[in-house]
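I opened this entry to look up a metal site, a sheet and a pocket. My notes are below the model.

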Amino acid sequence: MKELVHMLELKNLTKILGDKVILRNVSLSLDRGESLAVVGPNGAGKSTFFKCTVGLLRPTSGEVYLDGELISKNSMSVKQKIGFLGHESYLYSTLTPLENLKFYGKLYKIKEADKKSAELLKEVGLHLFRDMPVRSFSRGMVQRLSIARVLLAEPEILMLDEPHTGLDVEAAYLLNRILKEKQRRGTAILMISHDFEQVQELADRVAVLSKGKIADTMAIRQGSNLEALKEWYEKAVKGA
Ligand SMILES: Nc1ncnc2c1ncn2[C@@H]1O[C@H](COP(=O)(O)OP(=O)(O)OP(=O)(O)O)[C@@H](O)[C@H]1O
Ligand SMILES: [Mg+2]
């Protein structure tokens, strides 16, 4: 029965590097049109958790199911279905934003990539800089372009590692508007953030990752109290 299949399901993901346990039995599920935020202190294992999910790192043990399919490293369906924004931009500094997007368009065999690229540049507010090499871009401009790159393939799941980093108020607002629209159309969103205001604004659910473990999860109601969210977080981190 299709409706019982989660868009993304992680079962007991564990990552051990040397003698250090980076992730310990992380289990999570995400459905279509759902938005889940992962919060936690620096070094908690959030980025490692994302990299294991998208196949950039091999988990020591545990499984990742994508739309019901058990996936392995370098799986094609991961590349097609998940749009991953990491700490690195994966952009070519000598190319212009338009050239970068067109390059990814070819790589991912995206239909009407040139047209979509131009539209996305407008959407993230980089239209006027479309012919400038990325090397001369500010951090916020790079982040805007990285977001456009991730959106180009129209993925079914967006996995965004601190997407608001470096964005000014206007760009952050723009990003949130784009994400809400994507979510409304059924895209599943998994996001790492240190910014509780953005978490409250965007997420339906929030999970605390601390010392490599899911310490607690909570549903976020619209108009819920930001201070209460922070208090709950502090408690979850202390208890981990
Ligand atoms: N390649 C690696 N080799 C050894 N240890 C690593 C490696 N990558 C990450 N770690 C360790 O794994 C832990 C988790 O790192 P990770 O980058 O996942 O944290 P994070 O929660 O994303 O932190 P931040 O909020 O700072 O981005 C850290 O203690 C880090 O030192
Ligand atoms: Mg990180």
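Conventions. I worked on a predicted model, where local features need pLDDT of at least 70, side-chain atom pairs count only at pLDDT 80 or more, and totals for chains, interfaces and linings use all residues. Residues are numbered from 1 along each chain as its sequence is written, chains are lettered from A and ligands numbered from 1 in the order in which they are written, and side-chain values use heavy atoms, with hydrogens and water left out.

Metal site. I looked up the magnesium ion (ligand 2) and found S47 (OG) and H87 (NE2) coordinating it at 2.0 to 2.5 Å. Donors are N, O and S atoms within 2.8 Å of the metal (3.2 Å for Na, K and Ca); water is not among the atoms, so sites may look incomplete. S47 sits in helix α1 (residues 46-54) and H87 in the loop between β6 (82-85) and α3 (97-107), 40 residues apart. Helices (H or I, at least four residues) and strands (E, at least two) are DSSP runs, numbered from the N terminus. I noted S47 as buried, because its relative accessibility is 17%, and H87 as exposed, because its value is 52%. The cut-offs are under 20% relative accessible area for buried, over 50% for exposed and partly exposed in between (1.4 Å probe, protein chains only).

Sheet. I read off six strands in an open, mixed sheet, ordered β6-β7-β8-β3-β9-β10. Two strands pair if DSSP finds at least two bridges between them. β6 and β10 (213-219) each have a single partner strand, so one side of each lacks a neighbour in the sheet. β6 runs parallel to β7 (residues 157-161), joined by four bridges, and I82 stands opposite I157 in β7.

Helix residue. I checked K81, which is found in helix α2 (residues 76-81). K81 is buried, because its relative accessible area is 19%. Leaving out residues up to four places away in sequence, K81 touches M7, L66, D67, P155, E156 and I157; contact means heavy atoms within 4.5 Å.

I looked up the largest pocket, whose volume is about 760 Å³. A pocket is an open set of points on a 1 Å grid over the protein atoms alone, where a 1.4 Å probe fits, with protein on both sides within 12 Å along at least five of seven lines; lining residues have an atom within 4 Å of a point. Volume is the space filled by probe spheres set on the points, which are joined across faces, edges and corners. Of its 28 lining residues, V78, K79, Q80, I82 and Y108 are the closest to the centre. α2 gives the most to this lining, with four residues.
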